[in-house]
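Here is a short briefing to read alongside the model.

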Amino acid sequence: MKIRTLCAIRPILTAACVALMAMAPAAAQAQTTGTLVGTVTVVGTGAPLASATVLIGGTTLIGVTNDRGEYSITNVPPGLLAISVQRIGYTARSDTARILAGERITKNFALSSTVSRLSEVVVTGVTGNTQRKAQAAVIATISAADIVRNAPISNVNELLQSRLPGVSVNASSGSVGTSRSIRIRGAASINLSNNPLIFIDGIRVSEAQNSLNAGGQISDRLNDLNPDDIESIEVVKGPAAATLYGADASAGVIQIITKQGRLGANSFEQQLRFDLAQIDQNWTPPDNFARCTAATAATTSTNPLCRGQAVGTLVQDNPLVRTDAFRQGSEQNIGWTGRGGGSNYGYFLSATGDRAIGTLDVNRFERYGFRSNVNLVPSSQFKVDIGLNLLQSNTRLPDNDNNGFGWLGGGLLGSPNTRHENNLANDGWFGNGLGPDGIRAIVNGLESRRTQANVTGTYQPTEWFTNRATVGADLSRDEFTNFYPRNNQNIYGGLLSVGDNTQGRLGLDRFTIDYLGTLRGMYGAEAQWGVNFSAGLQSIITRSDFTEAEGNGFISNSANSVTNAAQRTGTQTFSETKAIGWLGELQISNQDKRFLQLGARVDKNSAFGGESPSFFLPRIGVSWVISDEPFFNPLANLITQFRLRAAYGTTGRAPGPTAALTTFAGAPTAITGQATPGVILGNPGNDSLKAERGTEFEAGFELATWNDRISVELTYFDKRSQDLLIAVPQAPSLGFTSNPFRNIGAVSNKGLELTLTSNVIRRDNFDWTSTIAGNTLRNRLDDLGTVPAFGTLNRFTEGYQLGSFVTKPVRSIDEATGRVIVADTFEVVGNVLPTREWNWANTFIVARNFRISTLLDAKSGHHIFNNTAFFRETQVVTSDNRLDTDKLPRLERLRRYGNDTPGEPAFIQETLVNGNPVSSNVNDAREAFIEKADFVRLREVAIGYTVPRSLLTRLGNRFTAATFTIAAQNLALWTDYSGPDPEVVSAPNVQFNRTDFLTLPNPRRVVFKTNFTF
């Protein structure tokens, strides 16, 4: 009563009053409940174990240990408690204790280090029983907090890079702020997205990528996230996604779990992180070559390379090196986190400011963020988790890739014949006098602001009934700028040189509403049967509003708003989709070693219209821990854990919001001489359109041996996609400007995934853990229905991988006559997706305080189109491969360029038509430039030192922990690819594109990392 009276008298204390009133019930409960305290340590060393989670079964109560390994849980209901303790990398422990009302008891635990993960609990991606051993499908986990602390990680994509089998991450460009593509178990669709869904703390966020019109480069929304906020990442690869994530999860799901407060820790801990990195391009671009002409070789010539030389002399130049286009890049990251909690609450706060400067001028990326996570447990029955994340990122990209205005386009396509002794005109650069100043003046910028909020309430009125509800939103506002300044030299050509400014504004909002209720019970004489039944619903609403305005022709570059332009145009697009799914799952366990899962989900999506049928998604799975069976006892000394599992599930993918609808587009008409509104036909639509359906089967096993120091995980998967959405060409006479989708065709993805982890050496002063992981992939287009194979460089052909490279292969070469015979039609010559991937990670702990880690990864079985070499050798001809006739053997020259006899066709098709040969050209016969993209890369090396506590004490105990790390990324590359980097992709937003065209290779980063805890 006193609290309420004070609140009524002093409104200014409203916030404090709310907190006091929330705590009041807890004070009252203290008389009827107890308190559980204790410590968690490491077996053998007795060292305290921080961030271990202590749970009390049948309640929402949870405790998290502090740096001293201590935990405290209040409001514990009296009775017999089932207590479990877990932490990634350690064997979970369970025990019981009895507590009386008002009693305070102590329960200590010691956890053993292990490489086996069967004892872990899955945080998300499952319903009911969350034990990993009960899950029939693979849910892979990455301990993000440990990786970020020690590895050269600057974004979420690098956290996923080469960590898990079946998860392929590809870095598309060496420019900072650019995207990476993520594929999980291949590609299942031709026209729809193959990107996985992204969830953060239970809410779905935008996984889209933004194009800045900077060549083929795009920014990535995952770059917005601060890796320091992430506790772990769970990747749902296959059938496990069917129930919880529904008809949009055919490409897999990435669930990001952020750091939470330390409930019951009764402590406050701060961490200050400062990283300083040096970015080195570590690549020398090739020289440009040309043969001097009569004009450039004349004594009056202004060309310093050819003046006085004989006509035809081969000269060379390198504008990128000559003008020091590459600079020393850098990176500065500073972050602060605060983490703590009390008896019934916990909180995590973070603030970060990161800035990266790329190796090409004007390239930079900046990120600022603030996160607040609050966890409240007012009673043993109720828990609330609240999260708020504020983000802002600024990206500036140089023009590159398929772009003559970029550094690499201007530098690698320029001719030495345009050199000028006074640095005038082109001076060796490509274009109309385009040089470094003109390239620097182009502005390609993106400023993003995002707000992510989530609230999850868990209510457990009884031990056998749990309710969990989540609501959240990801709200983003993006501002695009693409500006070419006015100039008098016509360096950009055409209308761009009078000044051109394109401004785009994108509002992208995504809302999540999720509810799950779970009933559980134990049955049988000895409670040998366990039953969990979960039911709920999930709704995702996505709203997109994009407005673009372009202004052309400015009086001055300082007054460059679109309003000031001589000509102005604008467009706007708006879309909104709503998806809702109802789900149910039954889990049955027998003696906690045999598990059966039956699930189903029914989805509806507004993309198909209100009258469309629902989408039914069944799921079934089994798991059997054979090592717990009595008949396995003779092998128990050899194999400590062994589990078999199998699962089958259905997922899918829905198209865009208007795919099923007949659409029209506005167009002006001037029948009477005055423009009036009109329409043109857009898409004829398809009212019978359905979502693409994916079915997946997986089976495998996990085993642990050598006292849980070696673990093996093997999975076979078979994913099939049917009812593919393919655009079917329409007759032009129908008047529609785009082709409608039809449900045609099928794709399959099959493969094996293997992870072998071993704690090779475990000593007090030396510990070595090694993990080898890899996967195979057979991706195939099984059926195209009545649609013929389509695509030029990348073609979709039945019986081959999606987007396979095609060309007219060389059949024969006659060196004497120079005649080169090629195939009549395009044939598949290479894959786009790697068919084999593997990585090898090692961690060494030396003298307890030194940590050394390495990561080696490889991809093979795929190809890349070296369009940079193709263009330099066959189009603008600046390469010595073409101009220096002595560099390549004649056979290779004929293979690359065809017949060099004047008047003869470069290539001839093998079949005569009416007795006459049919000529072909280098654009059809590109076999020599479609190269193997196999590589092995030393991805990461890190050496860290943890300051001993004894030394910190002697320094005055200002810090409770301190670490210093030197880490490097992309240290070495082994490949037969003739270009600089087989990983890069010139247009990552184009599916099934693996083309290197004037794309910046990945640089080498060396990072000095410091982390202080106080």
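Strand β25 (residues 443-462) pairs with strand β26 (residues 465-484) in the antiparallel sense, over 18 bridges. Strands here are DSSP runs of E with at least two residues, and helices are runs of H or I with at least four, numbered from the N terminus; two strands pair if DSSP finds at least two bridges between them. This is a predicted model, where local features need pLDDT of at least 70 and side-chain atom pairs count only at pLDDT 80 or more, while totals for chains, interfaces and linings use all residues. Residues are numbered from 1 along each chain as its sequence is written, and side-chain values use heavy atoms, with hydrogens and water left out.

**Around β26**
- β25 and β26 form a hairpin with 2 residues between them.
- Across this pairing, threonine 456 stands opposite threonine 470 in β26.
- β26 also runs antiparallel to strand β27 (residues 500-523), joined by 20 bridges.

**Overall fold**
- The protein holds 13 helices and 56 strands.
- Its radius of gyration (over C-alpha atoms) is 31 Å, close to the 31 Å that the globule rule gives for 1014 residues, so the protein is as compact as a globular protein of that length. That rule is 2.2 Å times the number of residues to the power 0.38.
- The C-alpha trace spans about 100 × 75 × 65 Å along its principal axes.

**Burial**
- Of the 1014 residues, 55% are buried, meaning under 20% relative accessible area with a 1.4 Å probe, protein chains only.

Note on methods. Buried < 20%, exposed > 50% of the residue type's maximum accessible area, 1.4 Å probe, protein only.
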